[in-house]
Amino acid sequence: MNVLLVYAHPEPTSLNGSLRDFAVQRLEAAGHTVQVSDLYAMNWKAILDADDSPERDTSRPFHTSLDSKIAFAQGTQAADIAREQEKLRWADTLILQFPLWWFSMPAILKGWVERVYAYGFAYGVGEHSDARWGDRYGEGTLQGKRAMLMVTAGGWESHYSPRGINGPIDDLLFPIHHGTLYYPGFDVLPPFVVYRTSRMDEARFAQTCEALGARLDELWSTRPIAFRQQNAGDYRFPDLTLKDEIAPDREGFAAHLR
Ligand code: FAD
């Protein structure tokens, strides 16, 4: 299997760097092929702007999604964007690895998503009509592939528990799981989260690697998070709200789980 690991930490000797090295070794030892997009090492351009469509018509104002659509369709996107899209097409599984920064991904990784997820590639895919709102949420370009987050957090696990002060980790990661990964079609696996990182020592690092190794060994058999597909009958069209009879006692993020 082909695995793309997109890695967002500025320091190779960090905890994240050690976990990345472990993950690559483990996957390769199991016979998989791994590519790493090390965003800081690549000096990844994090901002989406007109330079992403180098051959655009400059006689009119830059339009973020329209110029993305044209550049993608005409094969005139910035080369770094096209390369990452090619890696995504190649991959059977995507791993996004990052330290939790302000309850989300570091800006450089957000910029990878914003730029690589072009119009026509990750959104604006499929039929858009009076009867259908495209192929998304379980369908789309990346359908049939798997994705998983590898996240480290300074806070304690209890801080991220259902009644914890930071809010439940599943809620905090919902926009990435559902909005970034499920949207273009990935099957999203439960995340691998390391909490209380300042308390890491050699013994705990060994335990963490053991747990991570087990998750990596099961990447292809782990049951994905049971998000509801947009086009499988649970949502009313065109308002795209859940039908009254679907999970009537639930709302918010949890309602979108089968
Ligand atoms: P490092 O700092 O590199 O290492 C952590 C510990 O692991 C150190 O003690 C180190 O010695 C040890 N270690 C590293 N490698 C090994 C190894 N191979 N073997 C044994 N021990 C090792 N946290 C939250 O919970 N929520 C937030 O919203 C949040 N926001 C943040 C925002 C910013 C801008 C920053 C800078 C931090 C934030 N944090 C937050 C904390 C952050 O999530 C953690 O600092 C980060 O996850 C730790 O990962 P690291 O790779 O940087 O660890």
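How much of the chain is helix and how much is strand over residues 1-215? In this predicted model, that stretch is 35% helix and 14% strand. According to an unreviewed UniProt entry, residues 1-215 carry the annotation "domain: Flavodoxin-like fold".

Several polar atoms of the protein can be followed to the ligand. A polar atom in the side chain of H9 lies 2.7 Å from an oxygen atom of the ligand. The backbone also takes part: a polar backbone atom of G155 is 2.8 Å from a ligand oxygen atom, and a backbone N or O atom of W102 lies 2.8 Å from a ligand nitrogen atom. On its own, the ligand has 990 Å² of accessible area, and the protein covers 64% of that area.

Most residues other than glycine have a negative phi. W102, although not a glycine, has a positive phi of about 50°.

A further point of backbone geometry concerns a peptide bond. Most peptide bonds are trans. The bond that joins F237 and P238, however, is cis, with omega of about 10°. P238 has its place in the segment after helix 6 (202-217).

The discussion now turns to empty space. Rolling a probe the size of a water molecule over the atoms shows where such space is left. The largest pocket holds about 330 Å³ of space. It is lined by 23 residues, of which L48, E114, Y117, A118 and Y123 are the closest to its centre. Three helices each supply at least two residues of this lining: helix 2 (64-74), helix 4 (107-116) and helix 5 (169-182). Which of the helices gives the most to the lining of the largest pocket? Helix 2 does, with five residues. The lining as a whole comprises eleven nonpolar, seven polar and five charged residues.

The second largest pocket has a volume of about 190 Å³. Its lining includes D170, D171, F174 and H177, and also P190, P191, I225 and F227. The lining of this pocket divides into eight nonpolar residues, one polar residue and two charged residues.

Finally, a search of the whole structure finds one cavity of 30 Å³ or more. About 30 Å³ of space lies in this largest cavity. Helix 1, strand 4 (146-152) and strand 6 (192-194) each supply at least two residues of its lining, and strand 4 gives the most, with three residues. How many charged residues does the lining of the largest cavity have? It has no charged residues, but six nonpolar and three polar ones.

Key. Residues are numbered from 1 along each chain as its sequence is written. This is a predicted model: local features need pLDDT of at least 70, side-chain atom pairs count only at pLDDT 80 or more; totals for chains, interfaces and linings use all residues. Side-chain values use heavy atoms; hydrogens and water are left out. UniProt positions are given in the numbering used here, feature names are shortened, and annotations may be inferred rather than shown by experiment. Helices (H or I, at least four residues) and strands (E, at least two) are DSSP runs, numbered from the N terminus. On a 1 Å grid over the protein atoms alone, a cavity is a set of points where a 1.4 Å probe fits but cannot get out, and a pocket is an open set with protein on both sides within 12 Å along at least five of seven lines; lining residues have an atom within 4 Å of a point. Grid points are joined across faces, edges and corners, and a volume is the space filled by probe spheres set on the points. Ala, Val, Leu, Ile, Met, Phe, Trp, Tyr, Cys and Pro count as nonpolar, Asp, Glu, Lys and Arg as charged, and the others, Gly among them, as polar. A polar contact is a pair of N or O atoms within 3.5 Å; within protein, one must be able to donate a hydrogen and the other to accept it, and residues adjacent in sequence count only if both atoms are side-chain atoms. Accessible areas come from the Shrake-Rupley method with a 1.4 Å probe; for residues, only the protein chains shown count as cover.
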